[in-house]
Amino acid sequence: MRLRIATCGVLSLALTSTTLPAQSSPTAAPDDRLDRFERRLNDIESRHQQDLRARDEEIARLRQELANVRQQQQQQQQQQQQPAPTTRPVGTAGAAAPSSDEVERTRQEILRDIESGAAAPVTNRIAASLNPDVAVIIDSLGTWSSQRGNNAYNRFDVREAELDLRAAIDPRADGVLVLAFERDVHNPPFPEPGEDEEEGVESRAGIEEAYAFFHDFGVPNLTAKLGRFHLRFGRQNVLHLHDLPTSDPPLVNQAFLAPEALIDSGLSLSYVIPPRLVGGQYVELVAEVVTGEGGESESPTLTGDISVDSPALNLHALWNGDLARHVNLELGASWLSARRSADNGHNVNLFGFDATLLRSDPMGKFNNQLLQAEVMHAVVDQADGGATQHAWGAYLLGQQQLSRDWYAGLRLDWTQDPNDDDAEAWAVSPYVSWYLSEFLRLRLEYQHRNGDADAADVVYFQATYIFGAHPPHPYWAMK
């Protein structure tokens, strides 16, 4: 019974983890995906019941055989106590009766078979899937702006399409591959003169993530990623573009890390300190050693290329706890240190502090709130004898759930240019999101941007849809 409950629980978790967390309408008819899942669940349950019946029948057969052996042993002992017959005793089938040693040996073998389960019939079970879980995510974005001089605005395009493949490659490790196909116009918060005029629409395909995730490292609470991944710096850098709570990343992330997310290749280690050692608290420590090339992320700070021969180090610490029954708080701190040039003569150090407060409705209604903030500080050496720049930046994000499928939020941005701390930019971005189902989301966002760069009023219309098995989002991303 416990095996059956565990099996159903795991399958349920797998289903919920493969979709966006938005809830579907209770009055909507079951879709094809749920029907296929039900049939698949019934199939697995049927095979499971057949396995259980086969196992029970085999155990009953072995017990009966053991009883027969014991009975033969008792008969053997009774015959040994009686006077020796003139003829050799025979068994029920006319064969010679087994000796006492043979009976005992057979008995021990049968007992070992029952205890180990080795005698159970071999069942050739059909694998649930020999192929990886596959998902395709399409993220399209349209913009309208009064700023006619910026070619990134007043256009509609498929901003990004992702092919996400995940599978278990070993009992101790999973494999992840995310291929990104992008079409966008470079639009940094602090553009260089003539930069957007030259580049135009960029169409490219690349490896966004490709790593092996070791979840059983031989050390309790220790996991690892080996390959290419999003750096664990702050809270939103770990998200893919279509997973962001707003249509565009915060300005400080774009100015300090990368236009979308800072990605690099190397080794990431994550260790959760046993709660008994930290007073029952959840504390996670992350250490990442990466190439430091910026991973072609177009980072304004990690501008090194393959000529950089010193790795970068990223450290992240996270604490998570419940302030009340329905209020959760998470605090994080990050430090990224890297080189900017091949001679190792120019450094960049980024510091980050983040906080995420999540309140769920005590009555279980669709009335949840999210409050998130990040503050970053950059110390960046400039090339060609330039002075070291000390820049700050931050954002504050608040989101309110209006109903089962509707969310409204507001993001406030302010940041300095990490390569010129005399320049700054700020923005106000209200937005509303509508989750038609787990697989389709529409978002409308307005942004007023100002600062040393050209001021702009921008309206974003975003449509994101998915087909396939999508991995779970961070707990705070939507719900």
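This is a predicted model: local features need pLDDT of at least 70, side-chain atom pairs count only at pLDDT 80 or more; totals for chains, interfaces and linings use all residues.
Local features need pLDDT of at least 70, side-chain atom pairs count only at pLDDT 80 or more, and totals for chains, interfaces and linings use all residues. Residues are numbered from 1 along each chain as its sequence is written, and side-chain values use heavy atoms, without hydrogens and water.

Q: Which strand gives the most residues to the nonpolar patch on the surface?
A: The patch includes Leu323, Trp414 and Val428. Strands are DSSP runs of E, at least two residues, numbered from the N terminus. The top contributor, with three residues, is strand 13.

Q: Is Val428 buried or partly exposed?
A: Val428 lies in strand 14. Buried means under 20% relative accessible area and exposed over 50%, with partly exposed in between (1.4 Å probe, protein chains only). Because its relative accessibility is 30%, Val428 counts as partly exposed.

Q: How many bridges join strand 1 to strand 16?
A: Two strands pair if DSSP finds at least two bridges between them. Trp144 has Val459 in strand 16 as its bridge partner. Strand 1 (residues 133-145) and strand 16 (residues 456-468) run antiparallel, and the number of bridges is eleven.

Q: In which strand does the residue opposite Ala135 stand?
A: Strand 1 also pairs with strand 2 (residues 155-170) in the antiparallel sense. Opposite Ala135 stands Asp164, in strand 2.

How values were computed: Patches are made of residues with over 30% relative accessible area and no salt bridge: like charges are joined within 9 Å, nonpolar side chains (Val, Leu, Ile, Met, Phe, Trp, Tyr) within 5 Å. Accessible areas come from the Shrake-Rupley method with a 1.4 Å probe; for residues, only the protein chains shown count as cover. A salt bridge is a side-chain nitrogen of Lys or Arg within 4 Å of a carboxyl oxygen of Asp or Glu. Helices (H or I, at least four residues) and strands (E, at least two) are DSSP runs, numbered from the N terminus.
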